[in-house]
Amino acid sequence: MAEDKVGRNDPCPCGSGLKYKKCCLGQRRDAPSGQTPADMFAEIRQALQGRDFESLEEANAFLKTHMQQRNQQPVADFAGLSAQQMHQLLYDPFDSPGLVRFSEILSAEPVAPILTLFRLLAEAVGEQGLKPTAKGNLPRHFCREAALAYFGEEACRERTRYGNINKEEDFFDLHVTRLVAEAAGLLRKYKGRFILSRNCRNLLSHNGYAAIHPLLLRAYTQKFNWAYRDRYPEIPFLQQAFLFTLFLLHRHGDQWRDAAFYEDHFLQAFPMLLDEMAPASAYDPEQELRTCYTLRTLECFAQFLGLAELESIPREKSLLHDYRVRKTVLLDEAVRFQGI
């Protein structure tokens with residue numbers, strides 16, 4: 001079997017679960033030994049050496065068993081996960097109970113920015129509903145009141161110093177919360193008003209907001225397009241690999257670490273993502289990918305869902321800043337990894 005026999009759209013033989021063209025095809029020459037297609041085919045040839053098979057079926061069965069055993073071995077570039085486990089994280093995040101379980105109802109009411117905003121929205125909707133604008137958005141007076149309650153008077157004044165909140169999109173976190181709540185089936189429009197769905201009312205009545213957060217988490221990861229929040233390239237794989245980031249936080253997040261620590265682990269596992277960055281960009285592709293990862297995955301996902309906390313670190317002689325990250329108690333309760 002030769003390396004060029006693998007089609008671009010075939011599953012990559014490394015076991016990552018990605019297509020060959022998005023994984024090992026054209027992989028950088030500095031890839032660790034054992035991770036390139038050439039290494040893999042050499043390993044297969046060695047496994048076949050000196051073996052006699054009575055039929056093609058017997059040979060295929062041997063190779064299948066060999067690859068299954070190989071894919072169950074820890075991979076250093078995957079932070080110790082096996083190729084099989086990584087495949088589950090990427091393609092079956094909510095349907096791999098042997099690897100991870102998502103809580104349906106939390107033991108206590110969680111603290112998370114998205115939940116704080118949803119609570120404000122739910123209280124405003126109340127029993128009578130909330131009339132949207134002509135464009136179908138949340139009314140301006142509510143957006144302003146929500147911002148004041150969310151940020152506090154002083155911080156709100158600072159944030160609106162150069163422009164007031166005149167529409168829902170001006171308070172973007174609230175805008176995202178509304179979209180995610182609708183995607184989660186918690187909020188909908190009925191007879192020209194925003195109302196809470198029957199399921200949402202039942203959950204709040206029986207379990208409170210401890211039953212709402214799991215639905216927001218699932219909707220945010222499965223139905224909301226993360227790229228909507230920024231101007232970076234789409235890179236949908238960042239969202240698809242959300243559970244790998246949560247795994248990294250689960251394993252390493254007990255202490256504060258620079259965001260670059262998580263960027264390094266992510267790029268080590270998925271170096272092919274650099275190929276998705278626009279070559280004509282004015283920015284260094286790797287730095288742009290790192291910045292996008294921290295913003296989209298750590299800040300706008302993990303922090304917004306209350307699964308991590310971030311602290312800003314100003315750069316010397318620069319208006320820019322970096323972050324350091326630590327997981328929250330909510331992460332280990334909301335997402336329970338099993339034996340990894």
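This is a predicted model: local features need pLDDT of at least 70, side-chain atom pairs count only at pLDDT 80 or more; totals for chains, interfaces and linings use all residues.
When I say contact today, I mean heavy atoms within 4.5 Å. Residues are numbered from 1 along each chain as its sequence is written, and side-chain values use heavy atoms, with hydrogens and water left out.

Let's begin with Y220. Setting aside neighbours within four places in sequence, Y220 contacts I114, V176, V180, W226, R229, Q239, C300, F301, F304 and L305. Y220 also belongs to the largest nonpolar core, where F118, Y220, F244, L246, F270, F301 and V335 have the most contacts inside it. That core has 93 residues; by nonpolar core I mean a set of buried Ala, Val, Leu, Ile, Met, Phe, Trp, Tyr and Cys residues joined through side-chain atoms within 4.5 Å. Buried is under 20% relative accessible area, exposed is over 50%, and partly exposed is in between, with a 1.4 Å probe and protein chains only.

Now the overall picture. The protein has 14 helices and seven strands, taken as DSSP runs numbered from the N terminus: H or I of at least four residues for helices, E of at least two for strands. Of its 340 residues, 46% are buried. Among contacts with a separation of 6 or more, 65% join residues 24 or more positions apart.

Next, a few loop residues. N137 sits in the loop between α4 (113-125) and α5 (140-151). Is N137 buried or exposed? It counts as buried, because its relative accessibility is 12%. Its side chain makes a polar contact with the side chain of R178, at 2.9 Å. A polar contact here is a pair of N or O atoms within 3.5 Å; within protein, one must be able to donate a hydrogen and the other to accept it, and residues adjacent in sequence count only if both atoms are side-chain atoms. Beyond four places in sequence, N137 also touches P132, E168, E169 and F194.

S96 lies in the loop between α3 (83-91) and β1 (100-102), and S96 is buried too, at 4% relative accessible area. A polar atom of the S96 side chain lies 2.8 Å from the backbone oxygen of D92.

Finally, W256, in the loop between α11 (242-252) and β4 (257-258), touches residues including E309, L310 and R324.
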